[in-house]
Every structure is written in C-alpha cells, then in structure tokens.
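The sequence and structure come first, and the notes follow by topic.

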Amino acid sequence: MPSILPASFPRTRMRRNRVDGWTRRLVAENTLTVDDLIWPVFVIEGENRREPVASMPGVERLTIDLLVEAVGQAGSLGIPCVALFPVVGADKKSDDAAEAYRADNLMNRAIRALKAAVPEVGVLCDVALDPYTSHGHDGILRDGYIQNDETVEVLVRQALAQAEAGADIVAPSDMMDGRIGVLRDRLESQGHQLVRICSYAAKYASAFYGPFRDAVNSGGFLKGDKTTYQMNPANSDEALREVALDLQEGADMVMVKPGLPYLDIIRRVKDEFAVPTFAYHVSGEYAMLRAAAGNGWLNYEKALLETLMGFKRAGSDAILTYGAVDAAKLLRAG
Ligand SMILES: NCc1[nH]cc(CCC(=O)O)c1CC(=O)O
Ligand SMILES: [Mg+2]
C-alpha cells in the first residue's frame with residue numbers, strides 16, 4: 001500500500017523523549033520522594049494491641065508502644081513526619097470536649113512517647129474537637145449551631161496542651177474562623193515560638209471522610225453534617241480567601257482537603273501564595289484504591305504512586321496519605 005503520509009511527516013516527534021528509560025528520567029518535570037510524605041496514624045489506649053480498620057485495609061489503630069515502633073520504622077524509611085489521631089472512648093466524650101486539653105490525655109501521652117523515642121520524626125497533631133464531643137462535631141454545639149468563638153477558646157487550649165507535650169506542628173482541622181491568629185499569639189506568649197501551625201485552610205464538607213470517622217469512632221456519634229463550617233465543594237475562590245486569612249493570621253503551612261477531587265484548589269493556592277502547601281489524600285480516597293485493588297481491578301502500588309505524583313504535579317509540597325509507608329518502600333526500591 002503506498003503511504004499517504006507527506007515526506008516530512010510528522011514535523012515533531014514527541015515520542016523521541018519517551019523512547020528509553022534514561023531519557024524519560026532526564027526530561028521528567030516532577031519528582032516524588034519519601035521527603036514528600038506525611039503518614040497519618042491512629043492511636044488507641046492500652047498496650048501491645050493493634051486493631052484493623054475495616055474500611056481501610058492495611059491501616060491499623062495502634063497502642064502507644066506499638067505506635068512508637070511503627071513510627072520508628074517509618075522514620076528509618078525516611079518519612080519526615082506523622083499525623084496523629086486519637087481514638088477516644090465514649091466515656092471520655094462530652095458536650096464541652098474537656099478531654100481535648102487534658103495534659104495527660106491519649107494524644108498528649110502519644111506525643112511525649114514519640115518525641116522521647118523517635119525525636120527525628122516530626123509530629124503533626126490534629127486540633128479539632130470531633131474525637132471528644134458527644135455529638136461528633138468539631139466544635140461546641142449550642143442551639144443547633146457550632147459556636148465559633150466558644151470553640152476557638154477550647155481549640156487553643158487543646159493546641160497549647162499538645163505544644164506543651166512536644167508537638168512540632170499543630171494542625172487545626174476544625175474550620176472555625178479566626179482560630180489561627182489567637183493560636184499564634186498564645187503560642188508566642190507561652191514560649192512555643194518554634195511550634196509550626198499547619199492550617200487545614202481549605203477543608204471541604206466531604207463524603208470522602210467516611211472511613212476516617214469509622215477509624216476514630218466518631219461517625220456513629222455524628223448528628224447531621226459539617227456543612228455550616230466546612231466548605232462547599234462548589235467553591236474555589238472562597239478557598240483562596242480562607243488561605244489568605246490563615247496566612248495573615250500566622251499559619252506556616254496550609255492544607256487542602258480532600259485531595260484528588262480538589263487538585264485544582266491545590267494548584268490555585270500554590271500559584272497564588274507560593275507557600276508550603278499540603279494535600280490530604282483522605283481516608284475515602286485510600287479506601288477506593290484498596291477496594292479496587294482488592295477486587296483485582298487495579299494495581300494498588302502503581303495507582304498509589306501515580307496518585308501521589310498527581311499531587312506533586314498539582315503543586316503540593318507534601319502529601320498526607322495512609323499509603324505513606326507503602327509508598328516509601330516502593331520509592332526506596334526504585
Ligand atoms: N477534624 C476531623 C478530621 N480530621 C481529619 C479528618 C478526615 C481525614 C480522612 O478522611 O482521612 C477529619 C474528619 C472530619 O472532618 O469529619
Ligand atoms: Mg478559615
């Protein structure tokens with residue numbers, strides 16, 4: 001068959017730069033390394049106990065002693081930082097969330113144990129009241145509304161107790177207004193000048209948090225939804241205002257959450273502010289990967305690394321992911 005292509009076809013061969021492995025590496029625009037990973041972990045009371053999380057295959061809740069071991073191993077793999085989430089028993093939940101700022105609560109004991117045993121791994125602590133309220137909301141509920149200013153008072157006490165225990169990064173995930181400014185002032189005046197604030201600045205009211213609420217046992221308690229404080233998924237400009245305010249108030253790093261459905265927000269935030277921008281690859285996103293892989297519908301390892309690279313390409317400086325240890329092992333194996 002005579003060719004119908006013109007003699008000079010094609011003018012440009014894009015495939016030349018994909019022809020072999022070393023060229024592909026040479027022209028790669030983005031890189032994913034173990035330095036980009038933050039590993040979220042769940043801590044439970046007791047000793048030498050691990051509990052699987054049914055909706056998050058591969059994820060376990062750990063007692064402090066086992067947590068210290070696991071974080072030590074993560075540190076040896078090069079993971080820079082872990083994000084701590086306590087599982088709080090029903091007997092410690094209350095309407096005023098007083099357990100949140102008790103100096104010796106589970107969270108604060110875990111922080112002390114980690115900083116004593118594995119000081120080289122950063123500890124990022126969630127600041128929000130949902131593990132501690134009897135209704136599962138992130139703040140104080142009164143007259144059917146989550147009270148902003150009253151909640152901020154409690155959040156600041158909670159974060160100060162974490163800083164006192166040795167937290168490196170406090171990370172308010174509650175979406176109350178004005179909490180970063182008050183928290184920054186109080187950290188300064190209480191001698192915690194180097195404690196970093198990572199604000200969950202653009203956090204959306206999302207269906208993708210479902211498995212997390214199973215993991216921390218707050219879902220069953222939750223009445224209603226979080227739409228009066230977490231953002232509407234329809235909005236994007238509003239995320240920039242949220243981030244601008246938290247930066248003005250003194251945040252050192254900002255977070256966008258969830259991850260994959262909000263890559264456009266990460267890109268806009270990074271372009272607009274050029275500050276450390278983290279993405280949270282949340283529980284539901286992780287569960288989807290695991291469920292599909294469990295059915296043999298995709299390759300978990302490949303899909304995980306591709307997802308994490310997507311976050312880097314969108315502008316994330318670091319990614320919180322339940323797959324952090326898996327990804328670290330894969331990245332080290334090359
Ligand atoms: N302040 C609570 C909090 N901190 C992190 C997550 C979700 C993380 C995940 O789904 O992996 C949530 C749940 C929520 O806002 O209801
Ligand atoms: Mg805000």
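Two residues are taken to be in contact if their C-beta atoms, placed from the backbone, lie within 7 Å. The model discussed here is predicted, and its secondary structure comes to 11 helices and 12 strands.

**Overall fold**
- The chain has a radius of gyration of 21 Å, which agrees with the value near 20 Å that a compact globule of 334 residues would have.
- Along the principal axes, the C-alpha atoms fill a box of roughly 80 × 45 × 40 Å, and 45% of the 334 residues count as buried.
- Among contacts with a separation of 6 or more, 75% join residues 24 or more positions apart.

**Nonpolar core**
- The largest nonpolar core has 102 residues, and those with the most contacts inside it are Ile38, Val41, Val43, Val82, Leu84 and Cys125; helix 4 (residues 148-165) gives the largest share of this core, 9 residues.
- Leaving aside residues up to four places away in sequence, Val43 touches Leu62, Ile64, Leu67, Leu84, Pro86, Val87, Leu106 and Ala110.

**Helix 2**
- Helix 2 (residues 64-76) has 13 residues and reaches 18 Å from its first C-alpha to its last, close to the 18 Å expected.
- Its buried residues are Ile64, Leu67, Val71, Ala74 and Gly75, and because these fall within an arc of 100° seen down the axis of helix 2, they line one face of the helix.
- On the other side of helix 2, Gln73 and Ser76 are exposed.
- The cover over the buried residues of helix 2 includes strand 1 (37-44), strand 4 (81-86) and helix 11 (324-333).
- Gly78, which follows helix 2, has a positive phi near 100°.

Methods:
Residues are numbered from 1 along each chain as its sequence is written. Chains are lettered from A and ligands numbered from 1 in the order in which they are written. This is a predicted model: local features need pLDDT of at least 70, side-chain atom pairs count only at pLDDT 80 or more; totals for chains, interfaces and linings use all residues. A nonpolar core is a set of buried Ala, Val, Leu, Ile, Met, Phe, Trp, Tyr and Cys residues joined through C-beta atoms within 7 Å. A residue is buried if 20 or more other C-beta atoms lie within 10 Å of its own, exposed if 12 or fewer, and partly exposed in between; C-beta atoms are placed from the backbone. Helices (H or I, at least four residues) and strands (E, at least two) are DSSP runs, numbered from the N terminus. The radius of gyration is taken over C-alpha atoms; the globule rule is 2.2 Å times the number of residues to the power 0.38. The expected span of a helix is 1.5 Å times one less than its number of residues. The arc is that of the directions from the helix axis to the C-beta atoms.
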